[in-house]
Protein chains: 2
Amino acid sequence: MQQLTWLAATALLALPAAGATSETTLPGADGPTIQPDRTITFKLNAPQARAVQVEGGDGLGAGPFKMTRGADGLWTVTTPPAVPGFHYYWFMLDGVRVNDPASRTYIGYNLETSGIEVPEAGADYYAISDVPHGTVREQWYFSKLTGHWRHAMVYTPPGYDQNLKTRYPVLYLQHGSGEDETGWTRQGKANFILDNQIAAGKTQPLIVVMDRGYATDNASVRAPLQDIATAFGAFENVVLHELIPTIDSSYRTIADREHRAMAGLSMGGMQTLFITLRHPETFAWIASLSGPIIPDMSGNRSFNDGVAETFDPQTAYAGAFAHPAEFNRKFKLFWLGVGTAEPAQFHGITQAAKALKAAGVNVVYFESAGTAHEWQTWRRDLNDLAPRLFR
Amino acid sequence: MQQLTWLAATALLALPAAGATSETTLPGADGPTIQPDRTITFKLNAPQARAVQVEGGDGLGAGPFKMTRGADGLWTVTTPPAVPGFHYYWFMLDGVRVNDPASRTYIGYNLETSGIEVPEAGADYYAISDVPHGTVREQWYFSKLTGHWRHAMVYTPPGYDQNLKTRYPVLYLQHGSGEDETGWTRQGKANFILDNQIAAGKTQPLIVVMDRGYATDNASVRAPLQDIATAFGAFENVVLHELIPTIDSSYRTIADREHRAMAGLSMGGMQTLFITLRHPETFAWIASLSGPIIPDMSGNRSFNDGVAETFDPQTAYAGAFAHPAEFNRKFKLFWLGVGTAEPAQFHGITQAAKALKAAGVNVVYFESAGTAHEWQTWRRDLNDLAPRLFR
C-alpha cells in the first residue's frame with residue numbers, strides 16, 4: 001500500500017452514496033444501480049474482454065444476461081425487474097467466473113460471491129433500526145470428533161449482558177448448501193429480524209446459534225457419501241455431543257429440550273429434520289425452511305418435482321410421523337416453509353405438509369409469495385417462525 | 001442452487017486438504033500451494049485468456065509474476081520464496097483485476113481481495129491453540145455525528161462471561177488504510193495472539209475494540225480533505241463522543257484514562273497519534289504500528305524517505321513532545337514499531353524514535369526483522385505490545 005493511500009481511501013468515502021446503490025456495494029465503489037422498477041444495471045470495466053455476461057440467483061430473472069461493450073471498454077447490461085431481496089451474482093468474463101470488484105462478497109456456492117440487495121417496498125422487518133440490538137459473537141470450539149477447531153456465530157439478545165440472572169432458550173439455525181455460518185447474519189439479517197421482533201414484544205428473547213453445517217468425522221473422512229446418514233451423521237454428532245455442550249457451558253441457556261429449537265434452510269432444513277426427528281430428547285421445536293423432503297433417510301431422492309411417489313406419513317422419515325397424537329405431544333412446533341417460486345422444492349414440501357395435516361400432525365405451513373430458493377424467502381420464514389418459538 | 005448441491009458440497013469437503021494448501025483457501029477448492037522453501041505456485045483456469053499475472057503485497061516479492069498457459073488452459077506461475085505471514089494477492093486477467101476463486105477474501109485496498117497465509121517456522125504465537133478463547137463480538141451503534149449505523153468488532157477475554165464482577169481495561173486497535181474493522185481479527189489474528197498471551201500469563205486480560213476507521217461527519221460530508229485534521233477529525237469525534245461511551249456502557253470496562261489504550265497500524269497509527277496526543281485526558285497508553293510520522297498536523301507530508309527534514313521533538317505534533325518529563329509522567333507507554341522491510345516508513349519512524357529518545361521521551365521502539373508493510377509486522381507488534389499494556 002502506498003503511504004498516502006489513506007487519503008485516497010478517505011476521499012472516496014466522502015462521496016455521497018447514490019440513492020440506488022445496493023447496500024452490498026463497497027464504500028466508494030461504483031457498483032450496480034437499482035432503478036425504482038427493480039431493474040438493475042450492472043457494469044464491469046474490461047476493455048480487452050471479448051464477451052461478458054451477468055449470472056446469479058433465480059431472483060435476478062432468467063439469465064445469463066449478455067453485457068454490451070461501450071466505447072470506453074465499460075460493459076453494461078440492464079436486467080429485468082428483480083425479485084426483492086438478496087441475490088448472489090457474478091460475471092462470466094471470457095469464460096471465467098469473476099466477482100464484481102465493486103461488491104462485498106458472501107459465501108455462496110462454496111465460493112466468495114458478489115451480492116446485491118434489492119429493497120422490498122414496505123418491508124422493514126429486516127432493517128437495522130433504532131431498537132436495542134443484540135450481539136453477534138464468534139464462538140470457536142475444538143471438535144474431537146472431527147479433529148478440527150470449529151467456528152460458530154452466536155446471537156445473544158438485547159439485555160443479555162445486563163440481565164445477568166436471566167437464562168434463555170436457544171434456536172440452532174442452519175445455513176444452506178454452499179453457504180456457511182456467516183450466512184444467516186450477513187445475507188439473512190437474522191440478528192436485525194430478531195432485534196425488531198424482540199423490541200416489538202413479538203418474540204421471546206432467545207439465543208441463536210449458527211454453526212458451520214459441514215462436518216466429517218475422523219473415522220469416515222474418506223468414506224464415500226452414499227446417503228444422508230453418512231453425510232449428516234458427523235454433523236449430527238458434532239451438534240449433539242460438542243456444539244450443544246459448548247453453548248450450554250458458555251452461555252446462560254435453559255438447557256432442556258423444551259427450550260431448544262432447531263431450524264435450517266435447504267440443506268439445513270434436511271439436517272434439521274434428520275437430527276431433530278431422531279432426537280426428541282434434545283429438541284422440542286422444529287422448522288424446515290425450503291428443505292427438500294425425502295421419503296427415507298437415503299438422501300438419494302426427494303419428493304421434489306419429478307418424483308412420482310406420494311409422501312406417506314406412516315413410513316416417511318423412518319416412521320417419525322406414524323403416531324400423530326404422540327408426535328403432537330412430543331413436539332411443541334413442527335413448521336414447514338417454502339417460497340412459491342421454488343419449483344424444485346414446492347411440490348415436495350406442500351405435499352408433505354398436506355399429507356401430514358391430513359394424518360393429524362400439527363403442521364404449521366408457511367408460504368412466501370413470489371420468492372425463490374433465496375434469502376428473501378428465509379428472512380420471511382424467520383419472521384414468521386420466531387414469534388412461534390418458546391411460547 | 002440445485003437440490004442436491006449439498007451432496008456435492010459435502011463430498012468436496014471430505015477431500016483431505018493437501019499439506020501445502022494455505023489456510024485461506026476455501027474448503028474443497030484448488031488453491032495455491034506453498035512449497036517448503038516458501039515458493040508459491042498460483043493457478044487460474046482461464047482457457048480463453050491472453051495474458052494473466054499475479055500481483056500482491058510486498059511480501060510476495062517483486063512482481064508482477066507472469067503466468068504461463070498450459071495446454072489445458074490452466075495458467076500457472078511459481079513465485080520466489082515469500083516472506084512468512086499473510087499477503088494480499090490477485091490476478092490481472094487480460095487487464096482486469098480479479099480474485100482467485102479458490103481463496104477467501106479480505107478487505108484490503110478498499111476491495112475484497114484474495115489472501116495467502118505463508119507459515120513462519122516456529123511462530124506459534126498467532127495460532128489457534130488449546131487455551132481458553134475470548135469471544136469476538138459484532139457491535140452496532142448509531143452515530144449521530146455521521147448519521148449512520150457503525151459496526152465495530154470487540155474482543156472480550158476468556159472468562160468475561162463467567163467473572164461477572166471483573167472489570168477490564170480497553171485497547172482501541174485500528175486497522176490500516178483500505179482495510180476495515182475485520183482486519184485485526186481476520187488478517188491479524190489479534191484474538192488468537194491475545195488468547196495465547198493471556199493463557200501464558202504474559203498479558204493482562206483486556207477488552208479490545210476494533211472500529212471502522214472511517215468517518216465523515218454530516219456537516220463536512222462534501223468538504224475537500226486537505227489535511228489530517230479534516231480527514232481524522234470526524235473519526236476522532238466518533239471515537240471520543242460515541243464509540244467510547246458505547247463501549248463503556250455496554251461492557252464491563254474500567255472507564256478511565258489509566259485503563260484505556262489506543263493503537264493502530266499505518267493509517268491507524270496516524271489516527272492514534274492524532275487522537276491520543278490531543279487527548280491525554282482520555283488515553284494513557286499509545287502505540288503506533290508502522291504509522292507514517294508527520295512533522296505537523298497537515299497530513300500532506302511525512303518523514304518518510306525523500307523528506308529531507310529532521311524530526312524535531314520540540315515542534316512535531318504541535319509540540320506534544322516539547323516537555324519530555326511531563327510527557328513521561330502523563331503517558332504510561334509510548335510505543336513505536338516498524339518492519340525493516342518497510343522502506344516508506346522505516347526512515348521516518350526510526351528517526352522519530354531516535355530523536356525522541358535523545359530528547360528524553362520514554363519511547364519503546366520495536367523492529368520487526370525482514371517484514372514489510374504487511375500483517376506479519378503487525379502481528380509481531382501486537383505480540384510485543386500487549387504484555388506492556390496496563391502494567
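The lining of the second largest pocket splits by class into 15 nonpolar, eleven polar and eight charged residues (Ala, Val, Leu, Ile, Met, Phe, Trp, Tyr, Cys and Pro count as nonpolar, Asp, Glu, Lys and Arg as charged, and the others, Gly among them, as polar). Keep in mind that this is a predicted model, where local features need pLDDT of at least 70, side-chain atom pairs count only at pLDDT 80 or more, and totals for chains, interfaces and linings use all residues. Residues are numbered from 1 along each chain as its sequence is written, chains are lettered from A in the order in which they are written, and side-chain values use heavy atoms, with hydrogens and water left out.

**The pocket**

- The second largest pocket holds about 590 Å³ of space; that volume is the space filled by probe spheres set on grid points, joined across faces, edges and corners.
- Of its 34 lining residues, the closest to the centre are A:Arg97, B:Asn99, B:Asp100, B:Pro101 and B:Ala102.
- A pocket here is an open set of points on a 1 Å grid over the protein atoms alone, where a 1.4 Å probe fits, with protein on both sides within 12 Å along at least five of seven lines; lining residues have an atom within 4 Å of a point.
- A:Arg97 also lies over the face of A:Tyr109, at 5.2 Å from the ring centre (CZ of Arg or NZ of Lys within 6 Å of the ring centre and within 35 degrees of the ring normal).

**Aromatic pairs**

- The whole structure has 46 aromatic pairs over all chains (ring centres of Phe, Tyr and the six-membered ring of Trp within 6.5 Å; planes under 30 degrees apart are stacked, over 60 edge-to-face, the rest tilted).
- A:Phe192 and B:Trp140 have ring centres 5.2 Å apart and planes at 70 degrees, so they pair edge-to-face.
- That contact crosses between chains, from helix α3 (residues 190-199) of chain A to strand β11 (residues 135-143) of chain B (DSSP runs numbered from the N terminus: helices are H or I, at least four residues, and strands E, at least two).
- A:Phe192 is buried at 7% relative accessible area, while B:Trp140 is partly exposed at 24% (buried is under 20%, exposed over 50%, partly exposed in between, with a 1.4 Å probe and protein chains only).
- A:Phe327 and A:Phe334 are edge-to-face too, because their centres are 5.4 Å apart and their planes at 85 degrees.

**Strands in chain B**

- Strands β1-β2-β6-β5 form an open, antiparallel sheet in that order (strands pair if DSSP finds at least two bridges between them).
- β2 (residues 40-45) and β6 (residues 74-79) are joined by six bridges, and B:Lys43 stands opposite B:Thr76.
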